[in-house]
Amino acid sequence: MTRPTDTPGAAPELQRALARAARLDGANQPVTPAEPVTETDNATLYRYGHADRPPLLIIYSLVNRPAILDLSPQRSVVRRLVDGGLCVYLLAWHPPGAARRYLGLADYILGDIAEAVAWIGNAHDQSPHLLGVCQGGVLALCHAALQPCRSLTTLATPVDTGTDGDQLAALARAIDFDALVQATGNPSGQGMAAVFASLKPFALGPQRYGGLTALADADAAAVEAFMRMERWMYDGPDLAGQAFAEFARAIYQDNALVEGGLMLDGQPVRLDRIGCPVFNALAEDDHLVPPAAAAALERHVTGRCTTTALPGGHLGLFISAEAHRRLYPALLDWLQAL
Amino acid sequence: MAGPDDHRDAHNGSDWTDPLGVGRLLLRSAEAMESARSPAEAINRLVAAIDAERAAQAERGNSLDALLKHWADTLRVIGPVLPDTDIGDIPALGPYPRRQTLLRSLAERSDTYQKALAAHLEGLTDLTESCLAAFRESLIQRYGEDLGARTAEPGALIQCWNETAEPRYEAWLARAQTQDRIAALVNAWSHLVETLKALADETLESLGLPSSRGMEDISAELQRQRRRHRRDIAALRAEIEALKAGQDHPS
């Protein structure tokens, strides 16, 4: 029998790299130990670190899974924050089933987030710092606009989608999102991943997989890291149809955070009501959230806003060496100085 | 209501429902076979039946021609009476108006989707051709005209393709025309699926089975209940906070 590595014409390194990757376990396990402490209607609240430390609540995006924040011991945002002296909480969203397709943004923001903040406030006798990631940053901004906050950190968060070069906003402009969710129900996570990949098909296709041969003789951790990223990118959760349509319309079609007009249960979301200190981090080559879209935040909040720009793309803000060398130490210093 | 003259004698008269005489031939053959007592007799009777039908067909040749002429004349009269418009301009008439409307919508939306898909594919084809032409130019610049005789490293070829195609793809994606075409395709697909689902729902409901419309109704009802509970909980939380504040600062 011919072994794959003996196949004439095939690159043996590539075959070996693929075989090593295929033998890995198929699920992304968390790197940092976590404990589930409570359930909200649509999420599980996890705690990392000691409960006697100041609390920080991470609000992750509804798109993709928060594993990107804890992908490897060397590049774990969660571990970095825990090591920095915080008790970190993560609100891990449950993928909505068909029966929850009418969940709206108000349910997540006024329901789950408010509940998690209240739970942490009771447990610690102090309000948590909030940290919103990408779309989770928008959810955190909405919460902070409606409820007083201790501090707010946003990572790669789209605020002004009317800026030049906002590809997602340009593509979303003429799409009938109500009709789309009427047709699809809950948009599938894998479908969303394909849409994101289609924005950078070369970088995420030939360039990414062309580098596979380098993994043939790499250590096990490198192969594992590659596959963890692969699973994270293409195995996102489905999205609640209603919330997806509301978000796309409000943020990408109406630019509602800047222009106004976003209402949650009849309450207007106004960024100028955010008076707490804000730390806003953005990536200079982010093709999903252009720097100008994120940087606009400081012009709209009334609290003191510190903006930090890092070279690199969207994901680099969470997993790049530069982010872990510069951004997170700066964030921890900022939090400690409050 | 059908009258006694609507169907002539199956063997002899001209039959409006069987202008080619196929039914009559089958009938003659069946009767011939039925009365036969042996296979050989059956074959003989079958041959006789076929010959009889051939003779009858020959006799009816003229009447068939007259029938077809009459039919064409009738259609010529009916044609101008019917509307010369798109199917979308014809209202539902008669029984099952909802189903008629859905079928009309299906035809329209399928047409819109096909057009949107064709426009998008045309854009993609133009982009691909432009990328391939630029790729070829780039290879010629690197390796000269005699490309076939040279073996380039796969990695170098991939890099060359990426460098050539990526900026063109990104420029294409940033064009308003491309974005409009993609939006038109997504919208056309959404509307087509919406109609297909509605038709499937009609069928399922007519069989007493659960439909997606029914499931959505239940989901919407659950959502109404969930929102009511969330507001109640928020009100209770506010009340507790107010009571706590009252305890901390008694008036």
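Is Y96(B) buried or exposed? Y96(B) turns out to be exposed, with 11 other C-beta atoms within 10 Å. The cut-offs behind that word are simple: a residue is buried if 20 or more other C-beta atoms lie within 10 Å of its own, exposed if 12 or fewer, and partly exposed in between, with C-beta atoms placed from the backbone. The model is predicted, so to speak of local features a pLDDT of at least 70 is needed, while side-chain atom pairs count only at pLDDT 80 or more and totals for chains, interfaces and linings use all residues. Residues are numbered from 1 along each chain as its sequence is written, and chains are lettered from A and ligands numbered from 1 in the order in which they are written.

Chain B, then, is the place to start. There are 6 helices and 0 strands in this chain, and from the N terminus on the elements run α-α-α-α-α-α. Helices here (H or I, at least four residues) and strands (E, at least two) are DSSP runs, numbered from the N terminus. Of the 251 residues of chain B, 8% count as buried. Chain B is split into domain 1 (22-81) and domain 2 (113-232), with bounds that come from an automatic or database domain assignment. Taken over C-alpha atoms, the centres of these two domains of chain B are 56 Å apart. As for Y96(B), this residue sits in the loop between α2 and α3 (97-143) of chain B, and its phi is near 55°, a positive value in a residue other than glycine.

Contacts tell a bit more about chain B. Two residues are in contact if their C-beta atoms, placed from the backbone, lie within 7 Å. Among contacts in chain B between residues at least 6 apart in sequence, 53% join residues at least 24 apart.

Now for a pair of helices in chain B. Helix α1 (residues 22-34) and helix α2 (residues 39-78) of chain B pack at an angle of about 150°, with their axes 8 Å apart. Such axes are lines fitted to C-alpha atoms, for helices over the stretch in contact, and angles run from 0 to 180 degrees between N-to-C directions. That angle makes α1(B) roughly antiparallel to α2(B); angles under 35 degrees count as roughly parallel, over 145 as roughly antiparallel, 65 to 115 as roughly perpendicular and the rest as oblique. The crossing of α1(B) past α2(B) is right-handed. A crossing is left-handed if the near helix is turned anticlockwise from the far one by less than a right angle, and right-handed if clockwise. Residues of α1(B) that meet α2(B) include R24(B), L25(B) and R28(B), and among their partners in α2(B) are A42(B), R45(B) and L46(B). By class, this contact of α1(B) with α2(B) has 8 nonpolar, 1 polar and 4 charged residues. Ala, Val, Leu, Ile, Met, Phe, Trp, Tyr, Cys and Pro count as nonpolar, Asp, Glu, Lys and Arg as charged, and the others, Gly among them, as polar.

Next comes the meeting of the two chains. On one side are 28 residues of chain B, in contact with 25 residues of chain A. Elements giving two or more residues to the chain B side are α4 (154-174), α5 (176-206) and α6 (212-248) of chain B, and α5(B) gives the most, with 10 residues. By class, the side of chain B that touches chain A has 14 nonpolar, 8 polar and 6 charged residues.

One helix pair spans the two chains. Helix α3 (residues 105-124) of chain A and α6(B) pack at an angle of about 40°, with their axes 11 Å apart. That makes α3(A) oblique to α6(B), and α3(A) passes α6(B) in a left-handed crossing. Here D107(A), L110(A), G111(A) and A118(A) in α3(A) meet R226(B), R230(B), A234(B) and R237(B) in α6(B). The contact has 3 nonpolar, 1 polar and 4 charged residues.

Chain A also has an enclosed helix. In α10 (residues 241-253) of chain A, 11 of the 13 residues are buried, so this helix is largely enclosed by the rest of the structure. The buried residues of α10(A) pack against α3, α4, α5, α6 (177-184) and α11 (256-259) of chain A. After α10(A) comes N255(A), whose phi is positive, near 45°.
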